[in-house]
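Student: I should like to take a close look at one single part of this model. Would you please describe it in a connected way?

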4 protein chains.
Amino acid sequence: MTKITIWNEFRHEKTDAAVQAMYPEGIHGQLAKFLTAAGFDATTATLDEPEHGLTDEVLANTDVLLWWGHMAHEEVSDEVVEKVHQRVLAGMGLIVLHSGHFSKIFKKLMGTSCDLKWREDESHARVWNVNPSHPITAGIGEFIDLEKEEMYGEHFDIPAPDELIFISWFPNGEVFRSGCTFARGNGKIFYFQPGHETYNSYYNEKVQQVIINAVNWAKPTDNLRPYYGHFQPLEK
Amino acid sequence: MTKITIWNEFRHEKTDAAVQAMYPEGIHGQLAKFLTAAGFDATTATLDEPEHGLTDEVLANTDVLLWWGHMAHEEVSDEVVEKVHQRVLAGMGLIVLHSGHFSKIFKKLMGTSCDLKWREDESHARVWNVNPSHPITAGIGEFIDLEKEEMYGEHFDIPAPDELIFISWFPNGEVFRSGCTFARGNGKIFYFQPGHETYNSYYNEKVQQVIINAVNWAKPTDNLRPYYGHFQPLEK
Amino acid sequence: MTKITIWNEFRHEKTDAAVQAMYPEGIHGQLAKFLTAAGFDATTATLDEPEHGLTDEVLANTDVLLWWGHMAHEEVSDEVVEKVHQRVLAGMGLIVLHSGHFSKIFKKLMGTSCDLKWREDESHARVWNVNPSHPITAGIGEFIDLEKEEMYGEHFDIPAPDELIFISWFPNGEVFRSGCTFARGNGKIFYFQPGHETYNSYYNEKVQQVIINAVNWAKPTDNLRPYYGHFQPLEK
Amino acid sequence: MTKITIWNEFRHEKTDAAVQAMYPEGIHGQLAKFLTAAGFDATTATLDEPEHGLTDEVLANTDVLLWWGHMAHEEVSDEVVEKVHQRVLAGMGLIVLHSGHFSKIFKKLMGTSCDLKWREDESHARVWNVNPSHPITAGIGEFIDLEKEEMYGEHFDIPAPDELIFISWFPNGEVFRSGCTFARGNGKIFYFQPGHETYNSYYNEKVQQVIINAVNWAKPTDNLRPYYGHFQPLEK
């Protein structure tokens, strides 16, 4: 059974009535609900817990880590970021959601600024599937219509993704590479754009299906981390 | 249960004692044996059957097609190649083995000559895993040592693969991108180099594991082929 | 001096007043005008010339071929397509414009249907630069606004491009990978979406700059086609 | 005229007679010699200069930075690394040579460990060109034979390169992705493996040609860094 840890900053939900109304159990609570229903062993961790809830034991027992953060990226300790980084290189999957694009861990894995254009304009959005053979889009069809989503626009300052999965359309003129995969070390990473804290994207069944698919895609294989360092010749 | 059709030219085995000795039930027979043992619903088809064994019904009931051919690529009818091509674009997985690099179907899907350097020099080979997070390499470790394999050398005239999985080393000086994935339409394609007709590569357990992994990776998702053509506006 | 051949179907311009009004010297004429002004040695060839204007001598003397076709793709002879294909693999650059996505040569090089969604709705479009370090986007800035362009929408049934250069936004809800590079053999290929026959895109200075940049990018290097076939060992 | 800064750690040359004998003017000196002869405006900078020779002024006036380091990666200040990182994202090209794979700047840009297998066994090596249409391989032909080169072997823990240019073969059984390109922000990066401090690779004319080609490829385009942040709607 795939073991998921859902990490959420969990700050907006404590202070902002609109966010509380949308996600009364926190964004992590809503993510945990549908992932548990999908048959995963899902637990949660949040910023204000000791070690942000990401102890060595938790990380060692995590197959796939989900990450949602926004206003407090800088409060995540470098030490925890370093541990998460090592776990990803060792094979743990990582799913970075929405404003997590600016998290320390995502920027460290990408090597770029991960910056973008953004705007909250209470508009709808459309997430186009540009990779119909990919397991992450299984059962999704051609696009996902979102009632409301924050605009994120190009240029998105990331490395060229290994696989481009989704491109989003926004009504006021922008496009965005909203679903992207990356391999780093033995780990698989998926970035997925939907999930503004005051909009209902995580109640959308297709968004849920994408995240479920992504967990299945991102879980580790049974390869050990390769040997690195001085190496004896294989030929004589 | 994933339905596999194993297509083999099945000519060398009828005329060449060394090939018969190595693969008494045909290369397709050996492939079918370990794929059946792995729990797949595996059937076979060969060049000299009517429609080369690839009738509309067979193709419609195939999740993943394996392809081994060598001396008689030109005898495969264009009509059958066209049908296989359409099935791949519609989502059927395709695993092209060894000298299948020069098959009509692979060349049609790649758009290049698919040519390469080659030499039979009775030497060993080493297949390096350069993609440790990929499901096709699960459980394979760092490399596969082959007792004997035909040298295939760069330049391999293919499009840049979507994912580079293996690079082979040959003792007399060559390298080869020996495991490559490609998506075409809704279909996933894996090319894998081992499998010369007089060598025992398809008895190698790691080679078998790669092919088993590749079948699981290549099977279709439940996405329909996208709509193409004139399209009504989604916005008003 | 880079030698360009601009191939145009040149049929709409003979029969359709709106096209004649927009491109009185033919689409090839307008392309030739700004490419000549940019310092290239640009000649033209059209469907109704003998061998479609693409004789062996013309092809042998072409560094970069531009291709615009639409209503008569099927009238292009397979023999000429085969020759162009061989020249691309040997190193000639190829720039495929707009409805050329459905040309025989592009489909042959891609190995897919190259199909897409489309609609003429007299609307504007915006071509976003998603690859700011690429020579094809030099001097283009963040986007190109087109007064009017035909909608081409995803899914665009092509292989994952080697490099994604542009993504287009259309006001009625679609997105499109509108600038894509591909290497095939020794040849470099660029697909670029703008250029509907009744719209003024080829008068747009940024569109012109993209095409000029693409010619410079696509011209052949001085590498010979690699050796293919039986190969003597390099080690003893 | 493209302005190059060649950064060298310049420590081995001060303490090791074999390195002094091979590169009496330092590795940077030899790189500067053939790059100057090729018509570039090449200057050098070394670790023990103030700010490692990479002042704001130097960086602002550098189109392409070359980087050779080995024993003292940790002595490079984080502040200088941060400045180089920002310059790469802003468009400066970066060519990382040999043991520079383990430099702070390369690891920061890659987001991975950049680790590999290695061995000095006084053997020759062969660098295969797997990208014959790429400007970096122009004039190189099918491979480069090196008299002696340190073995670097897979797995090389880097992200999948945007373009794979070279694969090296080593006689004792290993392969290595020895020429790789990456885009990060507005900057272009090329990693190239040859260049052990006691071997003569930087006197090899084909190695020199690759580096010359890479400088031409990596120089900035005239695109500004895209706008990032809150963005006004383009549509009304």
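Tutor: Let us take helix α5 of chain A, residues 78-90. At 1.5 Å a residue, its 13 residues should span 18 Å, and the end C-alpha atoms are 18 Å apart, which agrees. The expected span is 1.5 Å times one less than the number of residues. Helices (H or I, at least four residues) and strands (E, at least two) are DSSP runs, numbered from the N terminus. This is a predicted model, in which local features need pLDDT of at least 70, side-chain atom pairs count only at pLDDT 80 or more, and totals for chains, interfaces and linings use all residues. Residues are numbered from 1 along each chain as its sequence is written, chains are lettered from A and ligands numbered from 1 in the order in which they are written, and side-chain values use heavy atoms, with hydrogens and water left out.

Within α5(A), the buried residues are Val80(A), Val81(A), Val84(A), His85(A), Val88(A) and Leu89(A). Buried means under 20% relative accessible area (1.4 Å probe, protein chains only). An α-helix has 3.6 residues a turn, so residues three or four places apart point the same way. The cover over the buried residues of α5(A) includes the helices α4 (56-60) and α6 (104-110) of chain A. Strands also take part in that cover, including β3 (64-68), β4 (93-97), β10 (175-184) and β11 (187-192) of chain A. Contact here means heavy atoms within 4.5 Å. Just after α5(A) comes Gly91(A), which takes a positive phi of about 130 degrees.

Elsewhere in the model, chain D and chain C each give 30 residues to their contact. The area buried between them is about 2,100 Å², of which carbon and sulfur atoms give 51%. Buried area is the accessible area (1.4 Å probe) that two parts lose on being put together, summed over both. Pro132(D), Ser133(D) and Asn223(D) supply 27% of the area that chain D buries against chain C, more than any other three residues.

Definitions and conventions. Buried < 20%, exposed > 50% of the residue type's maximum accessible area, 1.4 Å probe, protein only.
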